[in-house]
Amino acid sequence: MGRAAGSVRGVREYSTPQTLAVPRTGNLTDDVVRNAAEAPEAVAFRRAAGGDVWTDVTTADFLGHVRAVARGLVGAGIEVGDRVALMSRTRYEWTVLDYAIWFAGAVTVPIYESSSPEQIAWILADSGARAVIAEDSGHVTKIASVRTELPDLRHVWVIDDDAVRTLTAKGADIGDDTVEERRRTAGPGDLATIIYTSGTTGRPKGCMVTHGNFMTELAVAVDELERLFAAEDARTLLFLPLAHVFARIIQIGCVQTRTTMAHTSDIKRLLPQIQAIRPTFVLAVPRVFEKVFNTASQRAAADGKGRVFDRAVEVAISYSRGVDAGRIPLRVRVEHAVFKRIVYGKLQQALGGDCAFAVSGGAPLGDRLGHFYRGIGLNVLEGYGLTETTGALTVNLPDAQKIGTVGRPLPGTAVRVTDDGELVFRGGQVFSGYWGNEEATAEAFGADGWFHTGDVGEVDDEGFVRITGRKKEILVTAGGKNVAPAVLEDRVRAHMLISQCLVVGDGQPFIAALITLDAESLPTWAEANGKPSSDPADLVADPDLLAEVQAAVDEANHAVSKAESIRKFTVLPHDWTEEAGQVTPSLKLKRNVVMRQCREDIAALYA
């Protein structure tokens, strides 16, 4: 049990005692060597081999691939502590290269493959990267366009141009004993990676994450989530960007526990690939779970089964709420048994049929979807953390879950609610600071030495943490009402026709919203409603569509007081995208960018 310090509402501080000894020696590469020694034939990865063909990679194979590339890095002159950037979509080579960089005693600097030349230049220059391993010619072109700004950069290798084979050949004269000596140089206190923040509030900052940060995080997380990693034949399909700490933690956790992992970046073919891998658990951001739900709803409506699906949804939610209450009404149990055969089973089959758990992070999932998924038999475990905290600080567990919260602090972690409602944390997974930025580091830790997250929330008497908004995003209306936009935005965005929502109203007489449409859902809706076009630009003033959006807004407004409710909205003719710079690679809205670009639309709401 945790320890709590009480307050009038919930608790002001809650800590979970350390339950496991965290390694004080060694580094992340030890898992690879141990796996190959103890279980050389165990399947560590399933590797895409074209089409729907997947091949097995054993732990011994993986060690061989990693060592060969590490020899090449050493042969190319990469020294202990050098930074090596890695820019690629999620694929098997990403994991090989990540561990090879660590085997060579170097530091990995991930870059999102979608990054602009300006972002690439900043990260490579700021980190002082000596080499970059890019995925394809498009990435090379971006790097070449800023090469004059990168005096420290010595090498550019390209995965699609056989970077692995090139490095393997370059290391032919480097002995395994040399690589083994390099591999052992890092200890828990040494830098493993510099992960740059997504830049939602300004220029990306490099988070210095040590081997010990990862080891602490994984020691407790794997133990707490034992039913995911220790399940018989446990396996997952990783499709989130490995440049994000969320996916990276799962990668390292799978290697550590010998959980079979497959990679994909082909989101358009995600469902058939899930069918091939049949994961026992998956991880995703809330937008993925929203899309799965909306697609199922849309298909049911197109097949004339919309009312049946809607009832199945309500029953699933009621069933899950009954689980929490300790009593499920007889009628709900009977209907649930029926829908399990005709609706829920089909949804589970879409995830391969073996998936019992999912891990969600990056943003709140929302009560309704959380209860829906648990009601159909897929337990979505929400957690909370940041790049600066090596992933999770808190997580809901299979046997300790409260839907609508992000769970309790992991063992060895403490949370405190400051006087202005900000959540601050302490724990061994909290990073050591920002690379070359002492001012930002001092601001992040404050005078009290706790890490300040910038998120506003509360902690209940049992230690469950609820996120209510971002401290810097709290809107204050002209009437002095404080409004957390995330609560409204998450609810509006849950509607199948809506892609994004930005709530505005700082200094204004009322709260309003800018809304964009989901281009994938529109064609089915347009056809079902007799519309001649499914182009968002042709539908923004359509009365039927506006009625749908109004229904989503009304549903969201149920969660807040009248003074906090959305009084007016505008539907925009175009969506906000990562390519246009309004959305981060982890699908977070860059509020400041959208506010600047849409200032005329916002002004019109209050004209």
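Trainee: Which strands does helix H17 lie across?
Mentor: In this predicted model, helix H17, residues 485–493, lies across S25, S26 and S27. Its direction makes an angle of about 155 degrees with S25.

Trainee: And what order do those strands take in the sheet?
Mentor: The order is S25-S26-S27, in an open sheet of three strands with mixed pairing.

Trainee: Which strands stand at the edges?
Mentor: Strand S25 (498–504) and strand S27 (566–571) do. Each has a single partner strand, so one side of each is left without a neighbour in the sheet. The twist from one strand to the next averages 25 degrees.

Trainee: How many bridges join S26 to S27?
Mentor: Five, and the two strands run parallel. S26 covers residues 511–517.

Trainee: OK, new topic: strand S13. What's covered there, and by which residues can I tell?
Mentor: Both faces of S13, residues 281–284, are covered. Phe281 and Leu283 are buried on one side, and Val282 and Ala284 are buried on the other.

Trainee: Why two sets of side chains like that?
Mentor: In a regular strand, side chains alternate between the two faces of the sheet.

Trainee: Which strand is joined to S13 by four bridges?
Mentor: Strand S14, residues 357–360, and the two run parallel. Phe281 stands opposite Phe357 in S14.

Trainee: Buried or exposed?
Mentor: Gln251 counts as buried, because its relative accessibility is 0%, and the cut-off for buried is under 20%.

Trainee: What does Gln251 touch?
Mentor: Leaving out residues up to four places away in sequence, Gln251 touches Trp94, Thr95, Asp98, Tyr99, Leu242 and Met261.

Trainee: Now the surface. Which residues form the nonpolar patch?
Mentor: Val308, Leu330, Val334, Val338 and Ile342. Together they have about 410 Å² of accessible area.

Trainee: Which helix gives the most to the patch?
Mentor: Helix H14, residues 330–350, with four residues. Val308 is found in helix H13, which covers residues 306–325.

Trainee: Why does Val308 count as partly exposed?
Mentor: Its relative accessible area is 40%. Partly exposed is the range between the buried limit of 20% and the exposed limit of 50%, so Val308 falls in it.

Notes: Residues numbered from 1 in each chain as written. Predicted model: local features only at pLDDT ≥ 70, side-chain atom pairs only at ≥ 80, totals over all residues. Heavy atoms only, no water. Patch = residues over 30% accessible without salt bridge, like charges linked within 9 Å, V, L, I, M, F, W, Y side chains within 5 Å. Areas by Shrake-Rupley, 256 points an atom, 1.4 Å probe, with all protein chains shown as cover. Salt bridge = Lys/Arg side-chain N within 4 Å of Asp/Glu carboxyl O. Buried < 20%, exposed > 50% of the residue type's maximum accessible area, 1.4 Å probe, protein only. Pairing = 2+ DSSP bridges. Axes fitted to C-alpha atoms, helices over the stretch in contact; angles between N-to-C directions. Contact = heavy atoms within 4.5 Å.
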